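This report covers cavities, a pocket, a ligand site and a few single residues. The sequence and structure come first.

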Amino acid sequence: MKTYKDLPADGGSNIVEQVTQQANRLQQRLASVRHTVAIMSGKGGVGKSSVTANLASALGLRGHNVGVIDADINGPSIAKMMGVRGQRIDYGADGVKPALSPLGVKVMSMDLFLKDDETPVLWEAQTQKDAFTWRGTMEMSALREFLSDTEWGTLDYLLIDLPPGADRLPNLVDLLPNLGGTVVVTIPSEVSQLVVKKSLTMAKKLLNAPVIGIVENMAAYVCAGCGKTEDLFPSGHTEEMARQFDISLLGKIPFDPRISIAADEGNMFVDQYRDTPAGQIFFGITDEIRMFFERKM
Ligand SMILES: Nc1ncnc2c1ncn2[C@@H]1O[C@H](COP(=O)(O)OP(=O)(O)OP(=O)(O)O)[C@@H](O)[C@H]1O
Ligand SMILES: [Mg+2]
């Protein structure tokens, strides 16, 4: 029986050269990106994509050149939230041209390649376990291609909306050795924080990049009639978690139904409702992130 040792070199596929070429392309592409920031959370549905879309737009409104990658290829939502759904993808001389949001943010998402709302990204695998492994591999390949094959041009910030779960973090290290930092999103419930703590431990151990801070989402409810703020969950857990991990709490975003309504309509909340409590907190978090990188320079 033949083993891989009997094959001439790499079997003729020139795989080593292909991998080297791809790594070089990734490095060249990211050379014109100043800061790469991953938005993560161990928990699903806590508002990662909403936070990513609004922070990217707020950075744009502060005058920066910004790009966003939706790394959740199984449930992409950034394109809709940022109002670029349905834009045609064009191919330039040097790669794929990203979609452009009404506020000028460059967006790349699997959503832009799906032909209609009902089309899922299919994982053909024999077993559930295979499907899981295959999905993780596909996600990282898609992220690699979004990073290296997109004509990002010169960017001040590239934000990456990661899918829920911390199991993809080890691959992220290989892909982005120069990751600038991570922002961790949580909601104030103890159950969410239990899961988020695990991701924080993993991020601190594995990633060659600092945790910029935690964002607490859906922290409180602002009454549309009287403007009074009421807690939705018992407060204080996020502060405790920040202390425990010695990281900053960047801001506490209240629950505001207009965040959801604006996203469904493809309008940016931070643009439409700048002067609301949630709008101001989004800008506050944005400025914390800017200061984090300014301090490093
Ligand atoms: N502060 C908020 N106030 C009101 N609605 C919010 C807020 N944050 C998020 N939402 C809504 O909650 C839902 C989930 O948010 P989102 O999709 O951003 O979460 P996610 O963490 O990215 O989810 P997933 O894990 O599925 O990727 C969305 O409908 C969004 O509009
Ligand atoms: Mg999401």
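## Cavities

The count comes to three cavities of 30 Å³ or more. A cavity is a set of points, on a 1 Å grid over the protein atoms alone, where a 1.4 Å probe fits but cannot get out; lining residues have an atom within 4 Å of a point. Grid points are joined across faces, edges and corners, and a volume is the space filled by probe spheres set on the points. Rolling a probe the size of a water molecule over the atoms shows where empty space is left.

The largest cavity holds about 50 Å³ of space. Its lining consists of Ser50, Ala53, Asn54, Met81, Ile259, Ala262, Ala263, Asn267, Met268 and Phe269. H2 and H8 are the elements that give two or more residues to this lining. Helices (H or I, at least four residues) and strands (E, at least two) are DSSP runs, numbered from the N terminus. By class, the lining has seven nonpolar, three polar and no charged residues. Here Ala, Val, Leu, Ile, Met, Phe, Trp, Tyr, Cys and Pro count as nonpolar, Asp, Glu, Lys and Arg as charged, and the others, Gly among them, as polar.

## Basis of the model

This is a predicted model, in which local features need pLDDT of at least 70 and side-chain atom pairs count only at pLDDT 80 or more, while totals for chains, interfaces and linings use all residues. Residues are numbered from 1 along each chain as its sequence is written, chains are lettered from A and ligands numbered from 1 in the order in which they are written, and side-chain values use heavy atoms, with hydrogens and water left out.

## Ligand 1

Ligand 1 is surrounded by 17 residues, and the closest are Gly45, Lys48, Ser49, Ser50 and Asn217; a residue is near if one of its heavy atoms lies within 4 Å. A backbone N or O atom of Gly45 lies 2.8 Å from a ligand oxygen, and a polar backbone atom of Val46 is 3.1 Å from one. For Lys48, a side-chain N or O atom is 2.8 Å from an oxygen atom of ligand 1.

Taken alone, ligand 1 exposes 630 Å², of which the protein buries 79%; accessible areas come from the Shrake-Rupley method with a 1.4 Å probe, and for residues only the protein chains shown count as cover. Two or more shell residues come from each of helix H2 (48–61), strand S9 (211–222), strand S11 (249–255) and helix H8 (257–265). H2 gives the largest share, three residues. The shell has seven nonpolar, seven polar and three charged residues.

## Second largest pocket

A pocket is an open set of grid points with protein on both sides within 12 Å along at least five of seven lines. Of its 17 lining residues, Leu26, Gln27, Leu30, Leu175 and Pro177 lie nearest its centre. H1 gives the most to the lining, with six residues.

## Single residues

Met218, in strand S9, has a positive phi near 55°.

At 69% relative accessibility, Asp246 counts as exposed.

Notes: Polar contact = N/O pair within 3.5 Å; in protein donor to acceptor, adjacent residues only side chain to side chain. Buried < 20%, exposed > 50% of the residue type's maximum accessible area, 1.4 Å probe, protein only.
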